[in-house]
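Please look over the structure shown here before reading on.

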Amino acid sequence: MQHIPGEQLHHFHGGLRLRHNKKIACRQPIADLPLSKRYVIPLSQHAGAPATSCVSVGDQVLKYQPLAENPGIPGARVHAPSSGRIEAIERHLVPLPGGPQAPCIVLQSDGRDEPLPLDPLPVDASADVLLARMDAAGIVGLGGAVFSTAAKVDGAARQNIHTLVLNGAECEPYIACDEMLMREQPERIVRGAQVLHRLLGTERVIIAIEDQMGAVKQAFDTATKDLEDFQVTRVTTIYPEGGERQLIEVLTGEQVPADGFPQDMGLLVQNVGTVAAVADAVLDGRPLIERVVTVTGPGIRQPGNVMARIGTPVRELIEACGGYREDARRLIMGGPLMGVALASDQVPVSKAFNCALVLREKDIRAPQPAMPCINCGECVRVCPAQLLPQELYWYIRSDQYDEVEALNLSACIECGCCDFICPSHIPLVDYYRYAKDELRQRAEDRTRAELAKARFDARTERLARIKAERKAAREKKKKALAQARDKQARIAAAVERSKARREQTPPDDTGSDRT
Amino acid sequence: MTRFAIGGAPHMPPQKTITGVMLQVLYALIPGIIAHWWFFGWGILFQLGLAVAAALLFEWLMLRARKQPVGLFMRDCSAPVTAVLFALCIPPLAPWWIAVVGMLFAIVIAKHLYGGLGHNLFNPAMIGYVVVLISFPREMTAWLPPQEIAEQVLSFSQTANAIFLAQIPDTLSWDAISQATPLDTIKTGIEQNRMVAEVRQAPIFGDFGGLGWEWIANWYALGGLWLLYRRVISWDVPVSMLATEIALTLPAYLIDSGTNPVPLQHVFSGAVVIGAFFIATDPVTGCASPRGKLVFGAGVAVITLVIRRWGGYPDGVAFGVLLMNMAVPLIDRYTRPRAYGYAKQDGHP
């Protein structure tokens, strides 16, 4: 290792400097929500197949009790956010693109909030025990990836990780949940980081925050005062600085290989909220049942941050922040660049739900016809993946998917920079999502076609072989038959000959005696 | 329960519009236009009016003929930009039909027959200019001297008469009011084996370029800097074009200042400055990647200098731009940026 990560800061390509609008949600501390009457807990809140319910309708459950799990899928477990009765296990609206319904457990709260006894682990527990606990606590990446933290750390533990990076750079405007968590509970984050630091045997921990988070810097400086391995690094606030691969380029000056992970470079990146959840799970024994959610935007009366239990209807978060203003027009899960528009506020908070953003008519793009691409190259300038967005667009429009693949569409992180900057208002990200689906489809088709061809070839070969075997067998039989006939003919001939001989020389013993 | 309309990300309204970009280009040309009027009189205003009117008319007709949304595309202001750039390139007293013919080729053929906005291969303004330059050499070389040294300055109505009726006051002749441009003068001078310094004694020359011309170029550059500041254009093309221009002419000047003009003379005469900031930066017909833009700008400069030095025309910016337009797909192919996380490989420098 020649350069120590974070020692010198670098730049990533492109990006946008945006008004970051975070202050409006940071005026008051993180608020607790009153207990909800009903919690709706989605069975699929992680990357992978959904969990299966391990409770039945009518069951009484305690707070923290596991409700669903899937032993084959890491990080799938979900827990009861409060005590109460299981009212239903049914399909319900979930916060995902397209507004689908998905299986959920509906918990009717009894208002007592009675917890299971907790089982904290000692600080020096073995790696296997710690990983099993993170898995059992249902911890997934809270920065948006919702990939199992136990699986990620387990994979990293097999590699030589020298630096643990805590990602506190929330790049999207408006979202302030990580900033407020870092400001108010830096010790919790540091405790969680120490667990991972010890588990992985890393040399240092870098806490990466944005340069506009002055209060956070102070909070961490105090919390890490006696910790030599910890270092707080302020990175420039450029969207999408908080992207894992962009942040690594800023800290190390190197790019993560397209087919690799930061772990391959000796770095493990974890969102600060995830690390706080690790501290809860390991040191307090509390599974992941709540997270900080920013409720903000010009369409909200009193923007702020709330500590919301997983399963709380989003409506209740909005109400806790003063409700909608009259001119609220769009509800978004996430930020204004990558967020998912929600059709209804009846959806529950999931583990990935970082922000409820409400925008007015004038804050959202009006439906308007896209103009032709004028090749201005602004998209090329801002693309953090260093792609050629305009060429990708041409090739997608003309169905030339081999070219699309050759231009490395898969490196696109769908950050929306190109789309935002485009003077022709072409919905570029929509095109790329569509093309990625198309490429996946084509890859599947190709695999299927290859499989079918392999099967066909095998069948043809088998049939040919059987045919050849049959032919050989027939030949053999024919030969055998012919041989048999031949033998019989020879026997017959021999018989004939001896017969003839006997007839020519009648049996005459005397004759021989005479000789 | 509150229900909301959904929509795809990003949700923020876009920052720029094509109309906005085109209007900024037009605003950035205003200082240059004023300077042009100051030094060469009323002619430019007539040419601008003629070219813009003709361009809008042809644009409207072609949009109708191609069954395109007329209102949407008329508002994009791309036709007026083509018209203004064209008008700034032709002699101020050119007859009225020069602008009309130029715009016919620029808008109808170079733009709409290739598919309209965003689809044209060649810079429409330069196609229009080159067509009239080649077809009507006499009209297109009838440049005026700057008013400071002109024997007589035409009034507003005299200018109108000259452009629309080809009539000039009886006391004057066309030969008397028109005069060779500084680039012409240098080219002829060198061909007559005269020293550059000697040629530059003529009153038509200023401090480092042509008298008046150098100031118009300065004001174009000012507009160009404003476009850079507003991020309507990027620095790559202008810097590469101007730097190549200087880098190639400086050694020649140092070796033999007798037959090679000082680099600034090159930069500040003809269409180099307006070309570097306003013409070669046309996005549609140029390269999109930063390295492609550098190659494109350098190519225009090289071709311009070759034509100025050895070609049949005093200036070569228009030809340089058009020839480089042809090379764009090739340049694009070899200057593709490497995507994030893809290691350097063969074919990907």
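**The core and what surrounds it**

In the largest nonpolar core, which holds 252 residues, A:L166, A:V293, A:A356, B:A51 and B:F86 touch the most other members; such a core is a set of buried Ala, Val, Leu, Ile, Met, Phe, Trp, Tyr and Cys residues joined through C-beta atoms within 7 Å, where buried stands for 20 or more other C-beta atoms within 10 Å of a residue's own, exposed for 12 or fewer and partly exposed for anything in between, with C-beta atoms placed from the backbone. Helix α2 (residues 43-65) of chain B gives the most to this core, with 11 residues. Because domain 1 (23-35 + 118-333) and domain 2 (373-506) of chain A both contribute residues, this core lies between them; the domain bounds come from an automatic or database domain assignment.

This is a predicted model, in which local features need pLDDT of at least 70 and side-chain atom pairs count only at pLDDT 80 or more, while totals for chains, interfaces and linings use all residues. Residues are numbered from 1 along each chain as its sequence is written, and chains are lettered from A and ligands numbered from 1 in the order in which they are written.

Within chain B, and leaving aside neighbours within four places in sequence, B:A51 is in contact with B:A83, B:F86, B:A87, B:A99, B:G102 and B:M103, contact being defined by C-beta atoms, placed from the backbone, that lie within 7 Å. Between the chains, the contact takes 37 residues from chain B and 53 residues from chain A. The side of chain B that touches chain A divides into 21 nonpolar, 11 polar and 5 charged residues, with Ala, Val, Leu, Ile, Met, Phe, Trp, Tyr, Cys and Pro counted as nonpolar, Asp, Glu, Lys and Arg as charged, and the others, Gly among them, as polar.

Turning to chain A as a whole, its secondary structure comes to 14 helices and 17 strands, these being DSSP runs numbered from the N terminus (helices H or I, at least four residues; strands E, at least two). Chain A is more spread out than a compact globule, because its radius of gyration is 35 Å, well over the 24 Å that the globule rule gives for 515 residues; the radius is taken over C-alpha atoms, and the rule is 2.2 Å times the number of residues to the power 0.38. Along its principal axes, the C-alpha trace of chain A spans about 145 × 65 × 50 Å, and the centres of domain 1 and domain 2 of chain A, taken over C-alpha atoms, are separated by 47 Å.

Conventions. Contact = placed C-beta atoms within 7 Å.
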